[in-house]
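Open the model in your viewer and keep the selection tool at hand. This tour goes stop by stop.

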Amino acid sequence: MVASCDSQRSVFRRIAQQSYAEWPAYDSTSLYDRNSLAGLKEDIWTVASTWFDHQAHHSVDEFVSHYPVAYVEFGPHDRYSGATQYEMAQLFRLFLLKELHGWTHETALLTYLTHRPDLREQLSIETVPDQSTLWRSWHNRFTAELRETVEAAARTILIKAQDADVAVPREPERSFPSQDDEANKSDPDDQAVLDEAASITDHVSRIVFPAFSLDRGDGCEIHENAYWDLQTHLGLRERLAANEGARSFVYESTRDRTPLGHAHRDQIRDLSIEQVREMYARAVTRLLDEVAETEEFFRAGIVAIDITEADPFTGDRTGHEDEIIGTKAKTDEYAYQWATVQLVGNAVPIVLDARPVRRGESRKEIVEDLLNSAQDAVHVDNVLMDREFDSQHILEMLSQRGLSYVVPKRMQTSEKAQAKRLLRRDQNRYETDRKLHLGKNEWHDTTLIYRRKEDSEHDDHRQYSVFMTNTSSAYLTEYGYRWEIESGYKSIKRFMAATTSKDFGLRFFYFAFACLLYSIWRAVDLLVQVELTGEYEHSPIVTADNTLTLLKKETGIG
């Protein structure tokens, strides 16, 4: 079988149904443009993660041919200004194909294309470029950032194909290459990464997990650590519930006695939400103490606050209306909601705190609560939030704390009118000071920044986004860091145990423990990178699955 319209439609339908994936990435935040190479890499990761699971998709060449790049704006990454025979999108596909096969010279690519007319047709290449055209395009026409994107995308495609048992033309590098160009610096190999990760994971787990306690008293036959081992075991497999997980845990654990699923849930239900948050705070403090010895941790200063929701709840919510409160998209569905504050930017993306969201709680109350925790743990300079936190009272509270902020503003009548004027002038950016009324003749001073989104699907004022900030407009680019919290939620939800229980405390514990597993993974990755390379690159070299498997071994399961 080969890729077809039906098979491609099936892939993108699955992606659209995934609560943790958004495609294309530039639509996931108002600061992602179609020329964003970071967005393109994220998109290829998203599609490749699903593409090769389809029974008809067993060729990396077909992925290159069929991956939709019509939405990508390559113009800013094209260093040629005159007319050219080959479009950037065509060249992008050709060089992606070259990188996938690991050819070091253009001649191999030309020979490959010459003998494959069907592939040339799929690539929309009527005439094959000559060797000199390809060489100049790669070295002179493509920017360095675009060349790096081709290499990173090829690595992602190879890994995702191999993970799906699809034959690949070469073995992919499982560890991310260093950005350092020093010739005398080599990347750690996979075994070195795993060996170092095993040692550090053992160390971290022995520090972090003692922060959790069930307060069960003395004389219990099943050791308390067995409960945390089981919870970690549940995070190893996506959508694994306690009963099923407890049964498999019996066979995988080296312990003589392990808890049953109902006993595990009963112990967790006895924990109050306040207790869970206190334990989480202790665990994160211990984790931060470990990474605080590295220079990279002290670059922390930006936090993102956001709210995520569980999968829509389809049962009877009678008696739980204040806990199963609906969705952020204001649909007719209901869901549990959780709020987090997370380090973003250059810092290791640790979730500093998590809390449930109940009906009747104000956004200001939620932000204050999370900031109190964050500022107790780290030094905070800048706060990034989504449009749902567009409130003059929240912004004033941040300013009174001495914090800078970047927050999108919902467009009201005056903002729409201004955007229309900017559209008539064909103006891409505009700044103006604004006083926001707090009541009782009190005002909050802020700056509105209008930013036009390139190639918007709209032809009216909706081409513009409006941001509020109390600092330099240069910090507007920092808002792009907020996507990391959405990316983090994808992994966190992957680590959550499944349940149909309506117990609010149990649901929150599952989410909080998943946040902890995610934070341990990112902390372990930082420590491994620093130990092996002396530096920290944001792309992990230790996978989440590696960390969970190592945690499983070090906590007595394996």
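Predicted model: local features only at pLDDT ≥ 70, side-chain atom pairs only at ≥ 80, totals over all residues.

Residues are numbered from 1 along each chain as its sequence is written, and side-chain values use heavy atoms, with hydrogens and water left out.

**Cores**

Select Ile350, Leu352 and Leu398. These have the most contacts inside the largest nonpolar core, which has 104 residues. (A nonpolar core is a set of buried Ala, Val, Leu, Ile, Met, Phe, Trp, Tyr and Cys residues joined through side-chain atoms within 4.5 Å; buried means under 20% relative accessible area, exposed over 50%, partly exposed in between, with a 1.4 Å probe and protein chains only.)

Next, select residues 504-533. This is helix H18, which gives the most to this core: 20 residues. (Helices are DSSP runs of H or I, at least four residues, numbered from the N terminus.)

Now find Tyr26, Phe92, Leu110 and Ala153. They are among the 46 residues of another core, apart from the largest one.

**A cavity**

Select Tyr26 again, with Asp33, Arg34, Ser36, Gly39, Leu40, Asp43, Tyr71 and Val72. They line the second largest cavity. (On a 1 Å grid over the protein atoms alone, a cavity is a set of points where a 1.4 Å probe fits but cannot get out; lining residues have an atom within 4 Å of a point.)

**Last stop**

Go to Asp376 in helix H14, residues 363-377. Asp376 is exposed, with a relative accessible area of 71%. Its C-alpha atom is separated by 9.7 Å from that of Ala281, 95 residues apart along the chain.

Key:
Helix = DSSP H or I, 4+ residues; strand = E, 2+ residues; numbered from the N terminus. 1 Å grid on protein atoms, 1.4 Å probe; cavity = no way out; pocket = protein on both sides within 12 Å on 5 of 7 lines; lining within 4 Å.
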